Amino acid sequence: MAFHSAFPSRRDVLHQSALGFGFLALTDLLRAADAPAGGKAPHFKPRAKRVIFLFMKGGPSHIDTFDPKPLLDRDDGKPFPGERPRVVFAKTGNLLKSPWKFKQHGQSGSPVSELFPHVAGCVDDICFVNSLHGTNPAHGGAALKLHTGSENFVRPSMGAWVAYGLGTANENLPAFVTVCPTLAHGGVNNWASAFLPASCQGVPLGNAGSPVEQAKVRYIENTHLTRADQKKQLALLAELNSDHLARNGPDAALEGRIDSFELAFRMQKAMPEAEDISKETDATRKLYGLDDPITAPFGRQCLLARRLAERDVRFVQVTHSDGMVQWDQHGDLRKGHAKNAREVDKPIAGLLTDLKRSGMLKDTLVLWGGEFGRTPTVEGGGNDGRDHNPEGFTVWMAGGGVKPGFRYGATDDYGWYATENKVHVHDLHATMLALLGLDHERLTFKHAGRDFRLTDVHGQVIQELFA
Amino acid sequence: MTRHPHHYLLGIALAVVASGASPTFAADPVPTPEDVRFFEMKIRPLLAEKCFKCHGAEKQRGELRLDTAEGVRKGGDSGEPLIAVDKPEKGTLLRAVRHEEGVPAMPPKAKLKDSEIADLAAWVKRGAPFPASVKVSGDTSKHWAFQPVVNSPPPTVKDGTWAKSDLDRFILAKLEAAQLKPAVPADKRTLIRRATFDLIGLPPTPEEIDAFLKDASPDAFATVVDRLLASNAYGERWGRHWLDVARYADSNGLDENTAHGNAWRYRDYVIASFNADKPYDRFLLEQIAGDLLGKDEKKASSFDPVIATGFLALGPKVLAEPDEKKMEFDIVDEQIDTLGKTVMGLTLGCARCHDHKFDPVSTADYYGLAGVFISTKTMETFKKVARWHENSLATPADLKRKADHDAEVAKLKALIKGLTAKTDEPSKVELKKLKAELAELEKKAPELPAAMGVTEGKPTDVPVLRRGNHLTPGEMVARRFPVVIAGAKQAALPNDHSGRLELAKWMTDPKHPLTARVMVNRVWRWHFGQGLVRSVDNFGLLSDKPSHPELLDSLAVEFVQSGWSLKALHRRIMLSATYQMSSTHDAKAAVADPDNRLHWRSNIRRLEAEAIRDSLLAVGGLLDRTAGGPALTHLKNRDYIFDHTSKDKTSYASHCRSVYLPVIRNNLYDVFQLFDAPDASVPNGDRPTTTVPTQSLFFLNSELVASSAGALADQVLSRSEISDDDRVRQVIAMAYGRQATTKEIERLTAAVAVFEKDFATSEADAAKRRRKAWSVVCQTVLASNEFIHIR
């Protein structure tokens, strides 16, 4: 095991200093923030180095945002002419046209509805996939499927797989951070490592139930000691541990734990630094909509995502969810979707613009989507709601080696089923891993007697999406 | 960041299978692991779904068979080669699936998807490797774990003085063969600390240590073991181990995370069963079929055995699954998977979709078992949001209380009804008053005691579902047990009940090759940190080979002979010289056997999550030893833990033992998550031990560690008559169970002085300053490796 050879110098330092309560030279021991950039080699040349996943909890309506359906306008109020899925979540009525107008934007002419005026300005950087489909029409199953590839077994989250496949590039921060995740519908399983090493699990900053200003890593703050005194405490601890180690002989686990206190100490400094947006310029704050109370919460999440990404966190998830299932408009579609889009539109455009101007968009894959889309038919009596639709919906990607200004796949004339160039959630996973230089069939982990993959036995890489 | 999982070499494992019973292409080289993987993932499922019906074991249309290597090589009655290895495009297989001219279009009704045809083409290009499938014949059923347990005599050993028992002879023989020596015996302090954590999950008190040190009799350690086994804390520790493999939780998890308001009854049942040393066969019988035991049999238990069937009911369920039939089969699948792993160490779940790739378990075996559970009632309704079934535990007195209450409600409702039509003012006032009374009364409705569990459903057989899909049913299978163990000739299960009782009796038959082996191996794992078979939940073909097969069998034989007594098993293990070794390092042995599979020393082990928390509270004098009772006090049964709000109001502030804290799936108590407690969704008999920096943040910055350290400081400061040196001695004795060294006394008293000085500016009150300095030093002691590791 390489572990032993990596640490004798550390042990020697400890032995030499274990002469008394001397507060040993912490500059040696707590080798500050210049820990070597590490990581594992991918399977092949990567296009992207990291992912920012903007998760719209609840199921945003594709036919009201990025997938216009003229026939739906024409046939508003008429019965859906096709066959309905065998299993639906709720009963729905006749076709319901979109309350929002679409326009083509940019050089690429990609259509975007009035709901996303700022994102519309970025379409030439965006690669839309209009033909995504999943398997489960309930929130929990669909969210788990999207995050872990499995709705009825506990499996590692895609972020954990990425962390496992690529390792960490910044040893002072976790490889996978999730900002304000929702605890409903799969909860921690949506960012957990399951059987993968614990170091791969997502570290949550707050959750959807708490304000974003309070989004912090658990136990990151010490409230009773100054940093100087904490250094002394760590030195004392190192001496106790050193004696213990000397009595026991070499032991990788004991040495690993000695090391982890040093990393914790560095993380205690690095994480609040990453979380601290006070030094961002006013222009940047405005770009993300921090000057407007409606856009400020999600804007702050997006800005945190950029700060974590530029510190080489491999996978940052940002969840848009309030105390309710945010994008779940079974009724009140007009008001609900307008409010939701208003909250995220400017911050998302701000993030894309910011990443582009700093050059980071080249190797940062931004992924936007929800657990499913919504039905073209109306739910409820108010003529103002849509049911869950896993049969066809839209996600989009930007940066990270995807084709900019591009649309792929299509749903049927009314937007219920993905029909052309269908992309399953498993295919999305395979493609995302491929962009990161990982072969989804080779990224495996042996557990309980067999090899597991994010894509289970499925998944096709959609090469057409690559720039 | 480190982790110490057990690695199995994929290549080797697959090669073993690939060289199994039926041959590969004779002229071909053995398929590579990559070939096997490709075939098993892409090709075999495809052929099975689309081709085997007409070209398989049952029918061979056109004399073609695609389910064996020979069949594929031979081709059909046209005589043309199915696979043309040199000209891949010319073979009839690819031409047929591409619907080319001159060959019959296959499959005849629906053309394969482009991606499926591409997979077949890629397979042909690889040379169409056809790895052997594992069948219930030939070598695989000869797998060691499926053979009867054999009682071998202990081996002869060279060193005639070391061994205390036959167990030791099995260990020593292997060490001697490897030219290694067992470590010297552990000193008494190390031994009592190890034994106390092992059996009750708490540190020994200084008094208990003193008593052991003073006891010079030869059975001093046996006295300690007996004392610990007799403590109720034993069941709290070992019951928790069982709860790991029973994937126990107080909430459903998955999509609709609702409260298992009555799950605690099962938890308390498990703890009581361990404390009572309930025979393990009886323990299993109750969990699988407690509801079916006759009246006389039920009397034998102080707990109603229907509570035990909570074992089958506690799994996570997709409660909002709109496809009710799928939900029903998913739940049965979870039950079979849990039962297989927990009791027999078999991954039966794989056989839901295809004959098990590695173990000799066929889909027919799987659906034979599925019939037993489809015939069992686990759910009250599958209509979303679905509700699980609960068995009533109401006594006549409970029922009377409920009836009385219902009568009162009815009376009030009648009064209200009489008044509703009236419009006069006094009636209106009276109506309002009565309505308020009714609301109050309804809030007080007595909840009838009930337990999650199963009962009998309608006995029925089920068909094999192709690829696990209930929309593609195949042949019916009679309810039965897996052939590889139960044999091909089985008595038919009765038509008037599910067959669960027969299943339980079959699994607990003393001759069952897996049940006893799996359990003694689990106990070994929980004592030593790794099993004789390291894959504790998997005894199938891909399992780890036992390091000491004869010892495993010998333990299993004695376990059954002792009346399946776990406490007897603990004694047998703990009174051995093997258990009582020290953890002294040996450079030669560390090279020869780095994983210590031969047991040349005692393993250094980190405490589990629960023991870490309990120890912190215990040394602070804060641990509340109240036992049992409901885990969720802020929620009613079936309430949402957090619906869409992401606000989990579950509190972990209680200082009770960790086993009694709520286990919330999807949002496990963060301290437990940090220290590798399982999410409780799947059986897990082998928790990993990880080291991540967030654990260190917990020790540096958490309220729990700070308050325990403060309480420890208060204890040593409260004795004004002792010196600071003595205070350090006391801290070390309580935290580490040993005497402080001179160096430690100097170091820690010096540290207190330094911190006191540092705090002078921030804390004016000298007493408070002193307490804070001692708290920081105590916290450092609690954060150290020694506190959370057993030697």
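Q: At what angle do helix H9 of chain A and helix H28 of chain B pack?
A: The model is a predicted one. To describe helix packing, one gives the angle between two axes and the distance between them. Here helix H9 (residues 252-275) of chain A and helix H28 (residues 693-701) of chain B meet at about 80 degrees, and their axes are 8 Å apart. An angle from 65 to 115 degrees counts as roughly perpendicular, so H9(A) is roughly perpendicular to H28(B).

Q: Which residues make this contact between H9(A) and H28(B)?
A: On the side of H9(A) they are Ser260(A), Phe261(A), Leu263(A), Ala264(A), Met267(A) and Gln268(A). H28(B) contributes Pro693(B), Gln695(B), Ser696(B), Leu697(B) and Leu700(B). Sorted by class, the residues of this contact comprise seven nonpolar, four polar and no charged.

Q: How many residues of chain B are in contact with chain A?
A: An interface can be read by counting the residues on each side. In this model, 76 residues of chain B are in contact with 71 residues of chain A. Several elements of chain B supply at least two residues each to the side that touches chain A, including strand S1 (2-3), strand S11 (690-691), helix H31 (742-758) and helix H32 (766-783). H28(B) gives the most to that side, with eight residues.

Q: How does the side of chain B that touches chain A divide by class?
A: That side has 27 nonpolar, 30 polar and 19 charged residues.

Q: How many helices and strands does chain A have, and why is chain A described as compact?
A: Chain A has 13 helices and 17 strands. Its radius of gyration is 24 Å, close to the 23 Å that the globule rule gives for 467 residues, so chain A is as compact as a globular protein of that length. The C-alpha atoms of chain A fill a box of roughly 85 × 50 × 40 Å along the principal axes. Of its 467 residues, 60% count as buried.

Q: How many helices and strands does chain B have?
A: Chain B has 33 helices and twelve strands. Along the principal axes, its C-alpha trace spans about 105 × 100 × 60 Å. Buried residues make up 50% of the 791 residues in chain B.

Q: Is Val366(A) buried or exposed?
A: Burial is judged by counting C-beta neighbours, and a residue with 20 or more of them within 10 Å is buried. Val366(A) has 29 C-beta neighbours inside 10 Å, so this residue counts as buried. Val366(A) lies in strand S8 (residues 364-369) of chain A. Leaving aside neighbours within four places in sequence, Val366(A) is in contact with residues including Ile52(A), Leu54(A), Leu351(A) and Met397(A).

Q: Which domains are assigned in chain B?
A: The domain assignment gives domain 1 (4-125), domain 2 (310-389 + 455-507), domain 3 (394-445), domain 4 (511-592) and domain 5 (700-790). The C-alpha centres of domain 3 and domain 5 of chain B lie 61 Å apart.

Q: Where in chain B are the cis peptide bonds that join Met106(B) to Pro107(B) and Lys384(B) to Val385(B)?
A: The angle omega describes a peptide bond. For the cis bond joining Met106(B) and Pro107(B), omega is about -15 degrees. Pro107(B) lies in the loop between helix H4 (92-97) and helix H5 (114-125). The bond from Lys384(B) to Val385(B) is also cis, with omega near -5 degrees. Val385(B) is in the loop between strand S3 (379-381) and strand S4 (387-388).

Q: What is the phi of Arg247(B)?
A: Arg247(B) has a positive phi of about 40 degrees, although this residue is not a glycine. Arg247(B) lies in the loop between helix H10 (232-245) and helix H11 (263-275) of chain B, and counts as buried with 26 C-beta neighbours inside 10 Å.

Definitions and conventions. Residues numbered from 1 in each chain as written. Chains lettered and ligands numbered in written order. Predicted model: local features only at pLDDT ≥ 70, side-chain atom pairs only at ≥ 80, totals over all residues. Helix = DSSP H or I, 4+ residues; strand = E, 2+ residues; numbered from the N terminus. Buried ≥ 20, exposed ≤ 12 C-beta atoms within 10 Å, placed from the backbone. Axes fitted to C-alpha atoms, helices over the stretch in contact; angles between N-to-C directions. Parallel < 35°, antiparallel > 145°, perpendicular 65-115°, else oblique. Contact = placed C-beta atoms within 7 Å. Nonpolar A, V, L, I, M, F, W, Y, C, P; charged D, E, K, R; others polar. Domains from an automatic or database assignment. Rg over C-alpha atoms; globule rule 2.2 N^0.38 Å.
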